[in-house]
Amino acid sequence: MRLRVEFTTEPFDLDEAPAHAVAAREVVESAELDAVDVGPFGNTAEGGADAVLTAVDALLRKSLAAGATRVSLQVNVIGENVIGESVIGEGGK
């Protein structure tokens, strides 16, 4: 199974990246993920389920320890067995 995680950390600082945002970026950039896109207002990462879930655990722990007061994230199943937001199971339509 492949997953995509989208996340943001707060509080925001438009002048420079806060320590919690740097910590989150370092986690996803060093993880064994297939694709990482880091931006000022949102971040995404994709990969196998184990790699993404491991990265999410580390991202939460490290960004909270670095001062994040809120971490918003969404995890989606992606890949060839996904149509729109529905996952096709074995024998499913």
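Helices (H or I, at least four residues) and strands (E, at least two) are DSSP runs, numbered from the N terminus. This is a predicted model, where local features need pLDDT of at least 70, side-chain atom pairs count only at pLDDT 80 or more, and totals for chains, interfaces and linings use all residues. Residues are numbered from 1 along each chain as its sequence is written, and side-chain values use heavy atoms, with hydrogens and water left out.

View 1. Following the sequence, you get the pattern β-α-β-β-α-β-β-β. Of the 93 residues, 28% are buried (buried is under 20% relative accessible area, exposed is over 50%, partly exposed is in between; 1.4 Å probe, protein chains only). Take the contacts (heavy atoms within 4.5 Å) with a separation of 6 or more: 66% of them come from residues 24 or more positions apart. The chain exposes about 6,100 Å², with carbon and sulfur atoms supplying 49% of that (Shrake-Rupley method, 1.4 Å probe; for residues, only the protein chains shown count as cover).

**View 2. Helix α2 and its buried face.** Residues 49-65 make up α2, a 17-residue helix that reaches 24 Å from first C-alpha to last, close to the 24 Å expected at 1.5 Å a residue (the expected span is 1.5 Å times one less than the number of residues). Its buried residues are Ala-49, Val-52, Ala-55, Val-56, Leu-59 and Ser-63. Down the helix axis these fall within an arc of 125°, so they line one face of α2 (the arc is that of the directions from the helix axis to the C-beta atoms). They pack against β1, α1, β3 (43-48) and β4 (70-78). On the face turned away sit the exposed residues Asp-50, Thr-54, Arg-61, Lys-62 and Ala-65. Just past the helix, Gly-67 takes a positive phi of about 110°.

**View 3. The salt-bridge network of Arg-2, Arg-4, Asp-34 and Glu-46.** The whole structure has four salt bridges (a side-chain nitrogen of Lys or Arg within 4 Å of a carboxyl oxygen of Asp or Glu). One of them joins Asp-34 to Arg-2 at 2.4 Å, N to O. Asp-34 is in the loop between α1 and β2 (35-38) while Arg-2 is in strand β1, so this pair ties together parts 32 residues apart in sequence. Asp-34 counts as exposed at 54% relative accessibility, whereas Arg-2 is partly exposed at 29%. Arg-2 also meets Glu-46, at 3.5 Å, N to O; with Arg-2 in strand β1 and Glu-46 in strand β3, the pair ties together parts 44 residues apart in sequence. Glu-46 bridges to Arg-4 too, with the closest N and O atoms 2.8 Å apart. That link spans 42 residues, from strand β3 to strand β1, and Arg-4 is partly exposed at 28% relative accessible area.

**View 4. Thr-8, a buried residue of strand β1.** The strand covers residues 2-10, and Thr-8 has a relative accessible area of 17%. Skipping neighbours within four places in sequence, Thr-8 is in contact with Phe-41, Gly-42 and Asn-43, and also with Arg-70, Val-71 and Ser-72.

**View 5. A nonpolar surface patch made by Phe-12, Leu-14 and Phe-41.** The patch comes to about 400 Å² (patches use residues with over 30% relative accessible area and no salt bridge; like charges are joined within 9 Å, nonpolar side chains (Val, Leu, Ile, Met, Phe, Trp, Tyr) within 5 Å). Phe-12 lies in the loop between β1 and α1 (19-30) and is partly exposed, at 47% relative accessible area.
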